[in-house]
Amino acid sequence: MRLPHLIVTSLCFLTLAPLAHAHGPTPQKVEESIDIAAPPEKVWGIVKDFGNIADWNPAVLKSVGTGGNENNATRTITLKTGDLVEGLDYYSEKEMDMLYRLSKEKVDVLPVSSYTAELKVVPGDGGGSKVTWLARLYRADTGNEPAPDKNDAAAIKAMKAFLSEGLKGLKAKAEAK
Amino acid sequence: MRAVHRIAPLIASLAVAGSALGADGAARVFVVNQDAATVSVIDTGADEVVASIPVAFAPAGIVASGDGTKLYVTHPERGEVSVIDAETRQVDRMLAVGGTPFGIAIGGDGVLFTSDWNADTVRAIDPVSGKLLRTVKVGHSPAGIVATPGGALIVVANRASDSVSILNAGSLSLVATLPVGRAPFALAVAPDATRVYVVNVQSATLSVISTESLQTVASVAVGHMPYGVATTIDGARLLVASQSSGSVTMLDSYDLRVLSTEKVGRFPEGVAVDPQGRKAYVANWFSGDVSVVDTNTGKELKRIATGGGARMLAVVRRKDQRSSKALGAPAEGPQP
């Protein structure tokens, strides 16, 4: 009778202990893109304000920005699972490009210990746009034996779902009459 | 402090020998492609890939032996180091070193030094047996690690402690711990060994450390998310790869003035310099290729496809030039 209890306890320790490490040695990449039947200027106009991502992204319930679109601006985004803080690293109106990163890991909100992401709008076919959203990320548990919900596959799956839902929301908003 | 004073004259004499290197024939650049689990070999004469060496899962850091006959590649997720024969371009053997070896450097006597990301240590490892010789606790999440020319000092960037640790390569004793910017990652050593350059990913700065005074003597803003740094062979210029802007910034090593900022591939990381001093090679992680950069103009000359997750590079001179290779090798140390 005692044995199962002991096992459960040690499993918990195993899962929690490695989270102390902020990064791991093998970054993963996720790249999602979508074609939108609206001109790049219009699409960029929708996404360009770093702090206002909740305006177009259905996965983000709320967003609060500080520092506008300048380097080192930050935003707090509220997902269904909780809040994340992100910091702006590179912003170019001319290139319709922004790059930002997760400021502090919160693997219970998103099973990723850190990420850098880039959102870029380029001209697409027939006067439309192509939007690419990519991330470089590390799994939630960067130790060498991560639990299934904290491994590379879990991190990639979660990020892919997040980016893809955002892009679909953007397409719907940009193409709305 | 005393240890460093005794070491200094030795470094100086080696550096003089280093500047007398011949410059004929083309060197090879070995590129670690982490996702593809390969090491690409680029001939710097034609700037083409001449071989692709399959290695074990998730290779990260790379360093060339002093004589240029071997390359050592870390596999942090496997606790192993691949030993590659530069001539046959095959993995000779695997060293089961344990832990999470990440960055790798090589001392003057051939001893390997790895940064262990999860154990917060630097380990000295026998290059033949893979046996652990010595270990020392450093800061949190040690990443890039380099040996000074001649291999007297080992310098490691403690990413999660915002510091660098300077170690005596022989005893592995701690000589100094210096604060730098936020999230230091990659390092390069000046050819005369007087300075170590560190790029700090989160503060987007380059810190300059004096190996004589053991102090941080300067700090300068560079492009965002700097993940790689190298000096030219003459030590006059620095090249810093900025991951988020996909560019390489070239600086004057002495007054730290920015000379140019030019686009390369996507998410560039490691930088290595051609021993002839005219070209630099930049591994672009996201685009899985290597940018060849002109170190006079800072502009990209060519982009060479290598493999998914290109991150780190090491340079090996041709066989006839290898006698002096040890002096140039550590500067291309791992930039994990």
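**Note on chains A and B**

1. A:K177 is exposed, because 2 other C-beta atoms lie within 10 Å; a residue is called exposed if 12 or fewer other C-beta atoms, placed from the backbone, lie within 10 Å of its own, buried if there are 20 or more, and partly exposed in between. A:K177 sits in the segment after α3 of chain A, and its C-alpha atom is separated by 21 Å from that of A:V122, 55 residues apart along the chain.

2. This is a predicted model, in which local features need pLDDT of at least 70 and side-chain atom pairs count only at pLDDT 80 or more, whereas totals for chains, interfaces and linings use all residues. Residues are numbered from 1 along each chain as its sequence is written, and chains are lettered from A in the order in which they are written.

3. Helix α3 of chain A (residues 152–175) has 24 residues and reaches 34 Å from first to last C-alpha, close to the expected 34 Å, the expectation being 1.5 Å times one less than the number of residues. Its buried residues include A:F162, A:L163, A:G166, A:L167 and A:L170, and among the elements covering the buried residues of α3(A) are β1 (28–36) and β6 (112–123) of chain A.

4. Chain B has two helices and 28 strands, these being DSSP runs (H or I, at least four residues, for helices; E, at least two, for strands) numbered from the N terminus. Of its 336 residues, 58% count as buried.

5. At the interface, 14 residues of chain A are in contact with 19 residues of chain B, contact requiring C-beta atoms, placed from the backbone, within 7 Å.

Notes: Two residues are in contact if their C-beta atoms, placed from the backbone, lie within 7 Å.
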